[in-house]
Amino acid sequence: MVRPFRLFGQGRIYGSVPGTAQGRPRPGIYVSGLREYPGSLISESWLSDKFFELRDAIEKLSETQQEAFFVWCDHHNNDISEEDADDLISSFEDEYQGEYKDEEDYAYEIVEECYDLPEFAKTYFDYSAFARDLFMTDYWMDNGFVFRCA
């Protein structure tokens, strides 16, 4: 899984590192651990205009939310180098439901929060079937993260 943004302030990007071009120093940008960054934001010789804007927006999320954000981006095939950072975060926050052990765990929480069932009825409730129905159309889960379908 790609988790680049929590590394940004930790010495991973260096500016003006001298290189050699025919024996002369040349200024440039040196990026270590390039595989940790989304290819749509950075490469060996290119840096997206949205790089720092998106980094700043994502750093406001918790570490778990940052992981979920990249799962969400992969699922939607979002081109994070082109879209507005605030719009991306807002859409993600609208769809992100949280991290759960499995689909049934999420279904159990929905029943607890949304339905006023007496305790005896909860013992007969089929959480597995309810989870199956929820995730057929309204929700999707990947890597433990649950999202509402847009």
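Reader: Where is aspartate 87 found?
Author: Keep in mind that this is a predicted model. Aspartate 87 belongs to a surface patch of negative charge, together with Asp49, Glu53, Asp79, Glu82, Glu83 and Asp86. As for its place in the fold, the element spans residues 85-95, and that is helix H3.

Reader: Which residues of helix H1 are buried, and why do they line one face of the helix?
Author: Helix H1 covers residues 51-59, and its buried residues are Phe51, Leu54, Ala57 and Ile58. Look down the axis of H1 and these buried residues stay inside one arc, so they line one face of the helix. The arc they fall within is 135°.

Reader: How many salt bridges does the structure hold?
Author: Side chains of opposite charge can pair when their charged atoms come close. Here one of the pairs is arginine 55 with aspartate 56, and another is aspartate 133 with arginine 132. The total for the structure is 4.

Reader: How far apart are the closest N and O atoms of arginine 55 and aspartate 56?
Author: The cut-off for a salt bridge is within 4 Å, nitrogen to carboxyl oxygen. Arginine 55 and aspartate 56 do form one. Aspartate 56 is partly exposed, at a relative accessible area of 37%. The closest N and O atoms are apart by 2.8 Å.

Reader: Which helices does the pair of lysine 122 and glutamate 112 link?
Author: The side chains of lysine 122 and glutamate 112 meet in a salt bridge, 3.2 Å from N to O. The two residues are 10 apart, and the pair links distant parts of the chain. Glutamate 112 sits in residues 103-114 and lysine 122 in residues 119-122, which makes the helices H4 and H5.

Reader: Is lysine 122 buried or exposed, then?
Author: Buried means under 20% relative accessible area. Lysine 122 has 14%, so lysine 122 counts as buried.

Reader: Which residue is linked with Glu112 and Lys122 in a network of salt bridges?
Author: Glu112 and Lys122 already pair with each other. Salt bridges also bring a further residue into their network.

Reader: What about asparagine 143, which has a positive phi: what's the value?
Author: Asparagine 143 lies in the loop between strand E8 (139-142) and strand E9 (145-148). The phi there is positive although asparagine 143 is not a glycine. The value is about 60°.

Technical notes: Residues numbered from 1 in each chain as written. Predicted model: local features only at pLDDT ≥ 70, side-chain atom pairs only at ≥ 80, totals over all residues. Heavy atoms only, no water. Patch = residues over 30% accessible without salt bridge, like charges linked within 9 Å, V, L, I, M, F, W, Y side chains within 5 Å. Areas by Shrake-Rupley, 256 points an atom, 1.4 Å probe, with all protein chains shown as cover. Lys, Arg positive; Asp, Glu negative; His and termini not counted. Charge placed at Lys NZ, Arg CZ, Asp CG, Glu CD. Helix = DSSP H or I, 4+ residues; strand = E, 2+ residues; numbered from the N terminus. Buried < 20%, exposed > 50% of the residue type's maximum accessible area, 1.4 Å probe, protein only. Arc of directions from axis to C-beta.
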